Amino acid sequence: MADLELKGLTFGINKKRIIEDVSFKVSEGELFVLCGPSGVGKTTILKLITGELIPDSGDILLNGISLLKVPMRKRGTVLVPQGNDLFPHLTVGKNAAFGLGARHIRGKEAEGVVKTYAEKCGIENLLGRYPSELSGGQQKLAAILRALVVEPSVLLLDEPFTGLDGELSRHMRELVLKLQKENGITIVMITHSKEDALYMGDHIGFLFEGRLEFTAPAADLFEKTGNPMVDGFLGEIVRMENGGYVFADKILKSITAG
Amino acid sequence: MKNRNVFGVFLAVVFGILLFTPLVGMVIYSLFARWPREAYLPENFTLRGFEVFFKRDTATAVRSALFSAGVSVAALEIGIPAAKGLTALSGKLGTFFEGLLILPMMLPVVTVSIGSHKLFLALGFTGSAAVFVMHLYFSFPYAFKILYSAYRSPGESRICTAKNLGATDMRAFWLIEVPVFLPAYISAFVMGFVVSYSQYFVNLYLGGAEGVNFSLILSQLLTGADRNLASVYSLMYLFFGAVVIGISRSFQRLTLPKGRKLNG
């Protein structure tokens, strides 16, 4: 668990700027959501944090120490990719133990750690199965398990609920929140879903065309922010009497759909 | 849906017959000395062709198969880093280099062989080594094309995931990259092998006495009048090729999860 800070991060390919001067800070145990439409560079930021991509300028600090010179495998910032990237030739249990093996934790000790986290994720009965034998939701859980097992300093979630149906998506959201609270994990999650962002995030950053336009605590976003791009993206949020909220455009869609 | 299945089975049967019939002919010709035009059945059962093959050319057949397997392994060794490297290049530069690497597919074997022969002679580079380089030249693009397609697939991101989980380059390569890409390696190996194994002009032109391979012997027999011998050699050519391909496929089985069958 750790503080993560991005300072003036800039990245481009073939002279085209993809990320421009992005700065934000995530405190220990906080869930920071990076939100924005598709194709604005959200995944690129996660890849810069993991070390898969190298920024053109700026810095990434973990507990105040720059990660730029630290190789990917030693950063402790573990990503759960959107496509899960489970290793198809290994069972869920062996997938989960892979990161432990890299840390020289093997055999019974590794099995014990995997089992503990598998119980937390509710998939202890799937440890002997291969990824191809799992549903989409189970694969996502297996990928989260694999990342949690190595107890990362920062857990990075790339669109974790995309492709999951409503009920499963809700279940997964609750599970991630529960795991985060129980283990005090620092999480950076990216999503294009404003519902997921507002429901889960402690702090939310809005990324548009590679620039971080606005950052605020989730609680402050129920009122107009004054930023036309953010307000346009969030739309009208209607407060309910029971303390809940709905997005006006979603209601409109339901009404139109009859 | 049902109609489509019936049509599929019909096509499979037709193609099966078309591919299988020449084999039946070859088997018959390999076991009989003659089959006169007016006779219903072949005449004079003989194992002469097999005797000749086993007495005279078994060593050449084995050597040819091993030589081509060696060429194909070399094509893999060059092709894997080339394919991985090329995935990092995007846009026109990537397309340009891909085109450059697969160019030998489109160049005529005769032209390249004659040109290379002149150059190799001037450099004093002859014999099996020269033949090896030329086989590699023609096999590489086929192997590379398969590897490049594989490395452009999402499988590549699993290597990054492995490193992100703490694996060293070596651990990520042996435990993730090799098993994930093994089917592509095997396909690339088989493709490279088939191209090299069927080369005869390169051996004829560049090889000299050292360069006699199975294809060269077979090409001479096929233009001759001895159908018995030509059929036996064709079957043996098929057999040795199938053995190498079979062995390479068995490597793939080693990495399959328990109880799984190999597709295709």
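These questions and answers cover chain B of a predicted model and the side of chain B that touches chain A.

Me: What makes up the secondary structure of chain B?
Reply: Chain B has 10 helices and 2 strands. Helices are DSSP runs of H or I with at least four residues, strands are runs of E with at least two, and both are numbered from the N terminus. From that end the elements run α-β-β-α-α-α-α-α-α-α-α-α.

Me: How are α4(B) and α5(B) placed, and how do you know that their crossing is right-handed or left-handed?
Reply: Two packed helices are described by the angle and the distance between their axes. The axes of α4 (residues 109–123) and α5 (residues 127–151) of chain B come within 11 Å and cross at roughly 145°. Axes are lines fitted to C-alpha atoms over the stretch in contact, and angles run from 0 to 180 degrees between N-to-C directions. A crossing is left-handed if the near helix is turned anticlockwise from the far one by less than a right angle, and right-handed if clockwise. The crossing of α4(B) and α5(B) is right-handed.

Me: Which residues of α4(B) meet α5(B)?
Reply: Contact means heavy atoms within 4.5 Å. B:Val109, B:Val112, B:Ser113, B:Ser116 and B:Phe120 meet B:Ala130, B:Val133, B:Met134, B:Tyr137 and B:Phe138 of α5(B).

Me: What is the area buried between chain B and chain A?
Reply: About 2000 Å², with 58% from carbon and sulfur atoms. Buried area is the accessible area (1.4 Å probe) that two parts lose on being put together, summed over both. In chain B, B:Asn164, B:Leu165 and B:Arg171 lose the most to chain A, together 34% of what that side buries.

Me: How many salt bridges link chain B and chain A?
Reply: The count is 0. A salt bridge needs a side-chain nitrogen of Lys or Arg within 4 Å of a carboxyl oxygen of Asp or Glu, so no pair between these chains is counted under that rule.

Me: Which element gives the largest share of the side of chain B that touches chain A?
Reply: α6(B), with 7 residues.

Residues are numbered from 1 along each chain, and chains are lettered from A in the order written. Local features need pLDDT of at least 70, side-chain atom pairs need 80 or more, totals for chains, interfaces and linings use all residues, and side-chain values use heavy atoms without hydrogens or water.
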